[in-house]
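Please keep the model in view while working through them.

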Amino acid sequence: LLVVSMDAVDPDMLAIARAIDFVPVRILFHPGRADGRRVQSVLAIKAHWAWLQDMLWTRLPETRGYHGHIALLEEDHVVTPDYLEVLSLLLRLKAAHCPRCWGVCVKFGCR
């Protein structure tokens, strides 16, 4: 399962996510504030992260009770061509050296 979280509708990013056909894809959009007021960027990031984790682990039918691996990408994350290879290696390392760890993170930076 590939979950793509987007803060806003970006037609180009949406087209890319919809074109993925090698794995099931779930696209999530984070709603803005109902009152229209802007939130400081650090607070907006924290609110988005909390919302995303709640959606991902408790509200999505595809992930509720799911115990397999999930690749989580946000719209400003760019993966390299070896992403799946690096992810597989990290999962093997986790299994061998940290079986109690809950997951791995494949991240260098954001654009």
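1. Leaving aside its neighbours within four places in sequence, Thr63 is in contact with Leu1, Met55, Leu56, Trp57 and Ile70. The model under review is a predicted one. Thr63 belongs to the loop that runs between α2 (41–59) and β3 (71–74). Its relative accessibility is 1%, and because buried means under 20%, Thr63 counts as buried.

2. The length of α2 agrees with expectation: at 1.5 Å a residue, its 19 residues should span 27 Å, and the end C-alpha atoms are 25 Å apart.

3. How many salt bridges does a search of the whole structure find? The search finds two. In one of them, the side chains of Arg26 and Glu62 meet at 2.8 Å, N to O. Arg26 lies in strand β2 (residues 25–29) and Glu62 in the loop between α2 and β3, so this pair ties together parts that are 36 residues apart in sequence. Arg26 is partly exposed at 27% relative accessibility, and Glu62 is partly exposed at 37%.

4. Asp54 forms a salt bridge with Arg59, with the closest N and O atoms 2.4 Å apart. Asp54 counts as partly exposed, at 28% relative accessibility.

Technical notes. Residues are numbered from 1 along each chain as its sequence is written. This is a predicted model: local features need pLDDT of at least 70, side-chain atom pairs count only at pLDDT 80 or more; totals for chains, interfaces and linings use all residues. Side-chain values use heavy atoms; hydrogens and water are left out. Helices (H or I, at least four residues) and strands (E, at least two) are DSSP runs, numbered from the N terminus. Buried means under 20% relative accessible area, exposed over 50%, partly exposed in between (1.4 Å probe, protein chains only). Contact means heavy atoms within 4.5 Å. The expected span of a helix is 1.5 Å times one less than its number of residues. A salt bridge is a side-chain nitrogen of Lys or Arg within 4 Å of a carboxyl oxygen of Asp or Glu.
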